[in-house]
Every structure is written in C-alpha cells, then in structure tokens.
Amino acid sequence: MITLHHLEASRSFRIIWLLEELELSYQIERHERHPETMRAQSSLKAIHPLGKAPVLHDNGFTLIESGAIIEYLLNRYDNRGLRPPICSEDYLRYSQWMHFAEGSLMPPALLTLVLNKMANARVPFFARSIVKKTVNATLDGFVIPDLNVKLDFLDTELGTTGWFCGSHFSAADIQMGFALQVLHGRGLVGDHLSNIKAFLEAIRLRPAYQRAKEKAGLLTLSLPGKNEFQEPTVAPAQPSADSTATAPADDSKR
C-alpha cells in the first residue's frame with residue numbers, strides 16, 4: 001500500500017493530486033503545523049530526519065522531494081500517459097517545467113512569505129520602521145520584479161496550447177500548477193495574466209484535482225497580516241463575443 005505523509009499547505013498536495021489522477025489506492029498520514037512557527041511538528045521528523053513533506057512509502061522504500069516522487073509514481077504506475085514519450089519534443093518541455101517549478105518559481109513564492117513574516121514580526125518599536133522599509137525595498141526592488149518577469153513568460157508560454165507540454169494535460173501541469181496556485185493564493189498573479197488564470201481554472205475543473213483538494217485541506221499559507229485568497233467557484237466558462245482568453249480543454253476523461 002502506498003502511504004503518503006501529508007502536511008497541510010505543502011508540496012505534498014501535488015502527490016495527492018497525482019495519485020488521484022492515476023486512480024491509485026493509497027493512504028494519507030496527516031501531520032500538523034506548529035501554530036506559531038508554521039513548521040511541521042515533530043511527528044513528521046519522526047518519519048524522516050528532514051521533517052519535510054511529502055514523504056512517500058511504497059514497496060519498503062522511502063522517498064522525499066515532490067519532483068522525485070512524481071517521477072517514481074509515473075515510472076511505476078502511469079497508465080494514463082501523464083508524461084510524454086522520452087524521445088519527443090514534448091518531453092523536453094516536460095523536463096524543463098518539472099525543474100522550473102522548484103528552481104525558478106517556488107523560491108520567490110517562499111521569499112514573499114518569509115519577508116512578509118519578517119515585516120509583521122514582533123520587534124522593538126524603534127526598529128519596526130527599519131525592518132519594514134528593508135522588507136519592502138527587497139520585495140519591490142528585486143523579488144516582485146523578478147517574479148513578474150517569470151509570470152509574464154509563463155503567460156506567453158501557456159497562450160499556445162493552454163498546457164505546459166503540448167496539447168494535453170501532463171504531470172508537469174501538476175508540478176507547475178501547485179506553484180502557480182501558491183502565487184495566486186497570495187494575490188501575486190495579476191488580472192492581466194489571462195492565460196495563467198485560464199490554466200488555473202482548467203486544472204480546478206479536473207475531477208482528480210477536486211478530489212485531491214477535498215482530501216488535502218488548505219492549499220497554501222497566506223501572507224502574514226492578510227486574509228487567505230479563496231479559490232473562485234469554478235464553473236464552465238460561458239462563451240462571449242469579446243472573450244480574449246480561452247481556457248484549455250478539459251481532457252480529464254482521456
């Protein structure tokens with residue numbers, strides 16, 4: 001039996017989603033976050049020395065890192081074609097986006113969370129304005145401009161087919177979709193990024209995503225001092241004469 005150690009609002013959501021897409025039997029072991037530090041509590045460190053999620057147990061083997069777990073599950077269980085053939089151009093795109101998600105997109109997502117937490121931390125009164133100015137200068141001068149360049153690039157890329165690897169949904173959309181959901185949940189995906197918004201609506205319509213969301217709970221941690229952005233209620237888009245963005249087709253029944 002596949003066992004996934006899951007931490008709410010963590011990358012382990014990707015694995016629940018993939019397991020649902022593959023329609024595999026599995027069990028979830030849930031772990032809580034510390035209410036103040038928001039780090040995983042000691043129960044997860046008892047499972048693996050790093051105390052990070054996800055952790056997957058299968059066939060007597062323990063595996064960490066969401067990207068590595070995705071590859072393992074696809075190698076062993078994929079009968080849905082969720083990874084392009086290795087000799088295809090789509091596979092090159094697949095590999096690119098699998099690495100881009102963690103190498104380029106998640107770091108600024110983490111930085112925004114950490115820096116905003118610093119800005120709202122309890123510090124002596126005389127230092128408060130200095131801390132906030134430093135945080136805002138870092139966000140406005142480096143983190144947000146860098147993130148916006150990446151988001152503009154992704155919006156253009158998604159404008160071709162709506163998915164990250166050709167015309168069909170793949171595991172790269174799971175890897176990238178989680179990262180974009182985190183950014184969207186923190187209000188960092190602007191309204192002008194219509195192709196990203198269409199992509200997010202398309203993945204939320206997938207039955208496997210909806211089942212995963214029910215099982216996983218909270219998807220992303222909100223920025224300190226701000227309310228969590230709620231996912232919009234997703235319904236099939238109504239065609240309009242002045243529509244400029246088209247959501248990718250739902251191929252969940254492939």
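This is a predicted model: local features need pLDDT of at least 70, side-chain atom pairs count only at pLDDT 80 or more; totals for chains, interfaces and linings use all residues.
Residues are numbered from 1 along each chain as its sequence is written, and side-chain values use heavy atoms, with hydrogens and water left out.

The protein has eight helices and four strands; helices (H or I, at least four residues) and strands (E, at least two) are DSSP runs, numbered from the N terminus. Along the sequence the elements follow the pattern β-α-β-α-β-β-α-α-α-α-α-α. Of the 254 residues, 43% count as buried. Buried means under 20% relative accessible area, exposed over 50% and partly exposed in between, with a 1.4 Å probe and protein chains only. Among contacts (heavy atoms within 4.5 Å) with a separation of 6 or more, 69% join residues 24 or more positions apart.

Helix 1 covers residues 12–22, and helix 6 covers residues 171–185. Helix 1 and helix 6 pack at an angle of about 145°, with their axes 10 Å apart. Axes are lines fitted to C-alpha atoms, for helices over the stretch in contact, and angles run from 0 to 180 degrees between N-to-C directions. The crossing of helix 1 and helix 6 is right-handed; a crossing is left-handed if the near helix is turned anticlockwise from the far one by less than a right angle, and right-handed if clockwise. From helix 1, Phe 13, Arg 14, Trp 17, Leu 18 and Glu 21 meet Asp 173, Ile 174, Gln 175, Phe 178 and Ala 179 of helix 6. These residues divide into six nonpolar, one polar and three charged. Here Ala, Val, Leu, Ile, Met, Phe, Trp, Tyr, Cys and Pro count as nonpolar, Asp, Glu, Lys and Arg as charged, and the others, Gly among them, as polar.

Two residues of this contact can be followed further. Trp 17, in helix 1, is buried because its relative accessible area is 0%. Leaving out residues up to four places away in sequence, Trp 17 touches Phe 169, Asp 173, Ile 174, Ile 203, Ala 208, Tyr 209 and Ala 212. Gln 175, in helix 6, has 1% relative accessibility and therefore counts as buried. Trp 17 and Gln 175 are 158 residues apart in sequence and 10.0 Å apart in space, C-alpha to C-alpha.

Glu 20 also lies in helix 1. With a relative accessible area of 7%, Glu 20 is buried. Beyond its neighbours within four places in sequence, Glu 20 is in contact with Tyr 26, Ala 208, Arg 211, Ala 212 and Lys 215.

Helix 6 also packs against helix 7 (residues 194–204), at an angle of about 115° and with the axes 10 Å apart. The two helices are therefore roughly perpendicular; angles under 35 degrees count as roughly parallel, over 145 as roughly antiparallel, 65 to 115 as roughly perpendicular and the rest as oblique. The crossing of helix 6 and helix 7 is left-handed.

On the cysteines, Cys 87 is exposed at 74% relative accessible area, whereas Cys 165 is buried at 4%. The whole structure holds zero disulfides, a disulfide being a pair of cysteine sulfur atoms within 2.5 Å.
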